[in-house]
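Morning, everyone. Let me put the model on the screen and walk you through its pockets, disulfides and cores.

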Amino acid sequence: MKALIALLLAGTATLPAAAQDLGAPQGETAPVEVIDSSADEDVEIRITDEAAWSDIGIAIPAFATDRERATPANEAGTGALGREIARVITANLRNNGLFKPVGPDSLPQPAFSAVRAPAYGAWAGQGAEMLVQGYVTARDDGRLVVGCYLYDVQLQQQLVKEGWVVAAADWRRAAHKCSDLIFSRLTGESPFFDSRIAYIAETGPKDRRVKRLAVMDSDGANHRFLTLGSATALTPRYSPDYSKILYLSYVDGNPRIYVYDIGSGKQTLVTENRNPTLAPRWSPDGKSILFSMAVAGNTDIYRIPVTGGTAKKLTDNPGIDVGGSFSPDGSKIVFESDRSGSQQCYVMDADGSNQKRISFFGGRCATPEWSPRGDQIAFTRIAGDFNVAVMNTSGGGMRVLTRGWQDEAPTWAPNGRIIQFFRTEKNTGRSGIWQVDLTGQNERRLPTPVDASDPAWGPIRP
C-alpha cells in the first residue's frame with residue numbers, strides 16, 4: 001500500500017431523548033483524507049464559455065484496481081466498485097448540463113498500469129478530448145484508496161490529479177470528490193458535487209400529512225430519515241460549516257427551533273414560542289439565527305443567538321414580514337413582506353435598518369434566498385403559476401428559470417450555479433425535489449423514496 005500511495009504522490013443543552021423525535025443515532029464518518037493535491041499549473045485550459053464546455057467529449061472508463069478484493073462496500077470486489085465510481089462521475093458531469101461525458105459501460109477498461117500512462121492515440125481515435133482515469137484499491141484496515149486523474153487527450157498532458165482514503169461506506173464521496181476536481185479544473189468554478197441536501201419527507205393523506213426531516217447526497221443517493229415523524233418538521237437549513245441542521249418543529253402544538261448536530265445525532269433547543277413561528281435561517285458566521293414570528297396578528301423578523309436567549313426584532317411594519325436570508329458577507333438580509341399590499345421582496349441591513357423594496361417586475365415575490373456568490377437572489381415568482389426566478393441584488397435582471405405549475409422555495413448549490421426547489425404536481429398534490437441551472441435549460445428531478453419539499457443545499461463536505 002505504501003508503494004501505491006507513493007505512486008500517486010509522484011504525480012449547548014441537549015434535550016431529553018423523549019423530546020428529540022429522532023430515530024437511531026446517525027453519526028457522520030470522518031472527513032475524507034486527501035493523499036495528494038497537485039496540478040500542472042503550466043497547462044493552459046482552453047475553455048472560454050459555456051457553449052464550449054457543452055461540446056467537450058469526456059471519456060470516463062471504469063477505474064482500475066491493482067488486484068481484486070472484496071470490500072465492505074461490495075462483495076463483487078474492487079473491479080466492480082471501480083466501474084460504479086466511474087458511473088457516478090459520469091452521471092454527475094452529465095446532469096450538471098455542461099458536459100457530454102461517455103461512461104464506462106461503452107468504453108474499454110484500462111489496466112492498472114495505464115492509469116498514469118494513458119494510451120492517448122487510442123482515446124483520440126474514440127473522439128475523446130478529455131480523459132478521466134483512476135483506480136480503487138482496498139486496504140487491510142477496510143478503507144479504500146481512490147485516485148483520480150484528468151488528462152487532455154489532444155495536448156497529451158495531465159491536467160490534475162488527486163487521491164483520497166475513504167471508509168468503504170463512503171466510496172460515493174470519492175466519486176463526488178473526483179467529479180468536483182474535474183469540474184473545477186475545466187470550468188475554473190467552485191465545486192458542489194460532494195455536498196448534501198436536507199429536506200422534508202412527506203407521507204400520508206393531505207389532511208394528516210407526516211413531515212420528517214431527511215438528508216441525502218447531492219445526486220439523491222444515500223438517503224436517510226433523521227426524525228420519526230411524530231412531530232412535524234419544517235424548513236431545514238445546514239449550518240455554514242456543515243456540522244449542524246437548523247429546523248422548525250411542532251412537537252406538542254408549539255413551534256420550536258432546533259439545531260441538530262450531524263456528528264452526534266443530538267439536538268439543541270434554540271427557542272420555543274406559543275406564537276406562530278416561521279423560516280429559521282443561519283447567519284453566515286453560524287452564531288445567530290433569523291426567524292419570523294406572528295404576535296397579535298403582525299409577523300416580523302427576529303434575530304436570536306444560536307445559543308438561545310433574547311430575540312431582537314428587526315422589522316416592525318404592519319403586515320407580514322418573513323423569510324430572511326443573509327448576504328454571504330452578513331451585511332444584508334433579503335426578505336418578503338406584504339406591506340405594499342402584495343408579497344414583494346425587500347432588502348435591509350443586518351441590524352434591520354435601511355429597509356427598501358427591490359421587486360418591481362409584476363407578480364409577487366416570495367421565499368428569497370441570497371446566492372453564495374453574493375451577486376443574485378433566487379425567489380419564487382408568483383404570477384398565476386409559481387416559478388423559480390433570479391434577479392440581481394438591486395431587483396434588476398429578473399429571469400424566470402422554471403415553467404412548472406407550482407415551483408417554490410429555491411435553494412442554491414454551494415457554488416451558486418444550480419438551484420434546487422420543490423415542485424407540486426397539479427391535481428395530485430404530490431411534490432418532489434427538482435433542480436435547474438442558471439440557464440434554465442437543464443432541469444431534472446432528484447429521486448426520493450417519498451414526496452419531498454423544502455430542500456436545503458448544504459456546503460461542501462469536509
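Six strands each put at least two residues into the lining of the second largest pocket: S10 (232–238), S14 (277–282), S18 (321–326), S22 (364–370), S26 (407–412) and S30 (451–460). Keep in mind that this is a predicted model. Which strand gives the largest share of that lining? It is S30, with three residues.

The second largest pocket holds about 560 Å³. Its lining counts 23 residues, and Tyr 238, Glu 369, Trp 370, Pro 372 and Trp 457 sit closest to the centre. By class, that lining splits into 13 nonpolar, seven polar and three charged residues.

Now the largest pocket. Its volume is about 850 Å³. Here 40 residues form the lining, and those nearest the centre are Thr 235, Glu 408, Ala 409, Phe 422 and Asp 454. The class count reads 15 nonpolar, 13 polar and 12 charged. So much for the open sites.

The largest cavity has about 60 Å³. Around it we find Asn 92, Asn 95, Asn 96, Phe 192, Phe 193, Ser 218, Asp 219, Gln 435, Arg 444 and Trp 457. Five of these lining residues are polar, three nonpolar and two charged.

On to the disulfides. How many does the structure hold? Two. Counting bonded cysteines along the chain, the pattern is 1-2, 3-4.

Take Cys 148 and Cys 178. Their sulfurs are 2.0 Å apart. The torsion about the S-S bond is about 55°, so this disulfide is right-handed. The link spans distant parts of the chain, from Cys 148 in strand S5 (residues 144–152) to Cys 178 in helix H6 (residues 171–187), 30 residues apart. Are these two cysteines buried or exposed? The cut-off for buried is under 20% relative accessible area. Cys 148 comes out at 0%, so it is buried. Cys 178 is also at 0%, and therefore counts as buried.

The other disulfide joins Cys 345 to Cys 365, with an S to S distance of 1.9 Å. The torsion is -85°, and the link is left-handed. Again, distant parts of the chain are tied: Cys 345 lies in strand S20 (residues 344–349), Cys 365 in strand S22, 20 residues apart. Both Cys 345 and Cys 365 are buried. Strand S22 you know already, as one of the strands that line the second largest pocket.

As a rule, nonpolar side chains in soluble globular proteins tend to be buried together. In this model, the largest nonpolar core has 46 residues, and Ile 58, Ile 85, Ile 89 and Val 132 have the most contacts inside it. At least two residues each come from helix H4 (78–95), strand S4 (130–138), S5, strand S6 (157–166), H6, strand S7 (195–203), strand S8 (210–217) and S30. Which element gives the most to this core? Helix H6, with eight residues.

Zoom in on Val 132. Beyond its neighbours within four places in sequence, Val 132 contacts Ile 58, Ala 59, Ile 60, Pro 61, Phe 63, Cys 148, Tyr 149, Leu 150, Cys 178 and Ile 182. Note that both cysteines of the right-handed disulfide, Cys 148 and Cys 178, are in that list.

Apart from this core lies another one, of 15 residues, including Ala 64, Leu 107, Tyr 120 and Val 145. Over to you for questions.

Definitions and conventions:
Residues numbered from 1 in each chain as written. Predicted model: local features only at pLDDT ≥ 70, side-chain atom pairs only at ≥ 80, totals over all residues. Heavy atoms only, no water. 1 Å grid on protein atoms, 1.4 Å probe; cavity = no way out; pocket = protein on both sides within 12 Å on 5 of 7 lines; lining within 4 Å. Points joined across faces, edges and corners; volume = space filled by probe spheres on them. Nonpolar A, V, L, I, M, F, W, Y, C, P; charged D, E, K, R; others polar. Helix = DSSP H or I, 4+ residues; strand = E, 2+ residues; numbered from the N terminus. Disulfide = S-S within 2.5 Å. Buried < 20%, exposed > 50% of the residue type's maximum accessible area, 1.4 Å probe, protein only. Core = buried A, V, L, I, M, F, W, Y, C linked by side-chain atoms within 4.5 Å. Contact = heavy atoms within 4.5 Å.
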